Amino acid sequence: MNKNIFRLIILLGFLFCSKHSFSQQRMEPGKMSYIYTNHPYCILYNDTLYSGSKEFRKLFYRTGNMPLVDLYKLHQSCKIWGNGIVYLGTIASIWGVATLSNKTTSSSQRTLGWISLLGGVGCDIGGEILILNGQKALATAVHLFNMKYSKKASVNLGVGDRAAGLVINW
């Protein structure tokens, strides 16, 4: 029994460690890239790293493209609301655990502690979902930006009767 539990713990440890390991992320030249780092909001564009929404806000507003601006605003609102809900959920969970761990509390206070604990966990999960939706909106904005504003270099070879030509489109 103990060997099976130990093997399960080791397997779960490997799964959790492998989830957060990235070998390399492809950076397309001339395109905007949403970088997955410890700081979750980083964009690389034209050899400049924009970390944080205050820095890359100008990239989206400068285009004047309202769908990009709307996705940026959605990212901001999801991030702010998600962090606030996670904060409240953490406080409710801590209060619920403190109430449940106290031996002198009455049964009605214990019920309130359980409600607070479970509600806090629910708020944590809901807030994290909002934060992930904000990151999804930012990744979508980066993808739309690249589709519309990135420069695509192409090289074509043309052959005529007596000559061959090379055309480079920047």
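There are zero disulfides in this structure, which is a predicted model. Cys 78 counts as buried, because its relative accessibility is 10% and the cut-off for buried is under 20%. Cys 123, on the other hand, is partly exposed, with a relative accessible area of 33%.

**The overall layout**

If you walk along the sequence, they come in the pattern α-β-β-β-α-α-α-β-β. The chain has 170 residues, and 27% of them are buried. As for how the chain folds back on itself, take the contacts with a separation of 6 or more: residues 24 or more positions apart account for 47% of those.

**How α3 and α4 pair up**

Two packed helices are described by the angle between their axes and the distance between the axes. Start with helix α3, residues 66-101, and helix α4, residues 107-149. Their axes come within 6 Å and cross at roughly 160°. An angle over 145 degrees counts as roughly antiparallel, so that is the label for α3 and α4. The crossing of α3 past α4 is left-handed. What sort of residues make up this contact, by class? The tally is 24 nonpolar, 17 polar and four charged residues.

Trp 95 sits in helix α3 and is partly exposed, at 44% relative accessible area. Setting aside neighbours within four places in sequence, Trp 95 touches Leu 112, Gly 113 and Ser 116. Take Leu 112 from that list: 17 residues separate it from Trp 95 in sequence, while C-alpha to C-alpha the two are 9.9 Å apart in space.

Leu 118 belongs to helix α4. Is Leu 118 buried or exposed? Leu 118 counts as exposed, because its relative accessibility is 57% and the cut-off for exposed is over 50%.

| Residue | Relative accessible area | Class |
|---|---|---|
| Cys 78 | 10% | buried |
| Cys 123 | 33% | partly exposed |
| Trp 95 | 44% | partly exposed |
| Leu 118 | 57% | exposed |

**How α2 meets α4**

Helix α4 has another packing partner in α2, which covers residues 53-63. Here the axes are 12 Å apart and the angle is about 50°, so α2 and α4 are oblique to each other. This crossing is left-handed. On the α2 side, the residues involved are Phe 56, Leu 59, Phe 60 and Thr 63, and they meet Leu 138, Ala 141, Phe 145 and Tyr 149 of α4. By class, that contact has seven nonpolar residues, one polar and no charged.

Last stop: Asn 65, in the loop between α2 and α3. Which residues does Asn 65 contact, leaving aside its neighbours within four places in sequence? Those partners are Lys 148 and Tyr 149. Tyr 149 also turned up above, among the α4 residues that meet α2. Asn 65 has a relative accessible area of 15% and is therefore buried.

Terms used
Residues are numbered from 1 along each chain as its sequence is written. This is a predicted model: local features need pLDDT of at least 70, side-chain atom pairs count only at pLDDT 80 or more; totals for chains, interfaces and linings use all residues. Side-chain values use heavy atoms; hydrogens and water are left out. Axes are lines fitted to C-alpha atoms, for helices over the stretch in contact, and angles run from 0 to 180 degrees between N-to-C directions. Helices (H or I, at least four residues) and strands (E, at least two) are DSSP runs, numbered from the N terminus. Angles under 35 degrees count as roughly parallel, over 145 as roughly antiparallel, 65 to 115 as roughly perpendicular and the rest as oblique. A crossing is left-handed if the near helix is turned anticlockwise from the far one by less than a right angle, and right-handed if clockwise. Ala, Val, Leu, Ile, Met, Phe, Trp, Tyr, Cys and Pro count as nonpolar, Asp, Glu, Lys and Arg as charged, and the others, Gly among them, as polar. Contact means heavy atoms within 4.5 Å. Buried means under 20% relative accessible area, exposed over 50%, partly exposed in between (1.4 Å probe, protein chains only). A disulfide is a pair of cysteine sulfur atoms within 2.5 Å.
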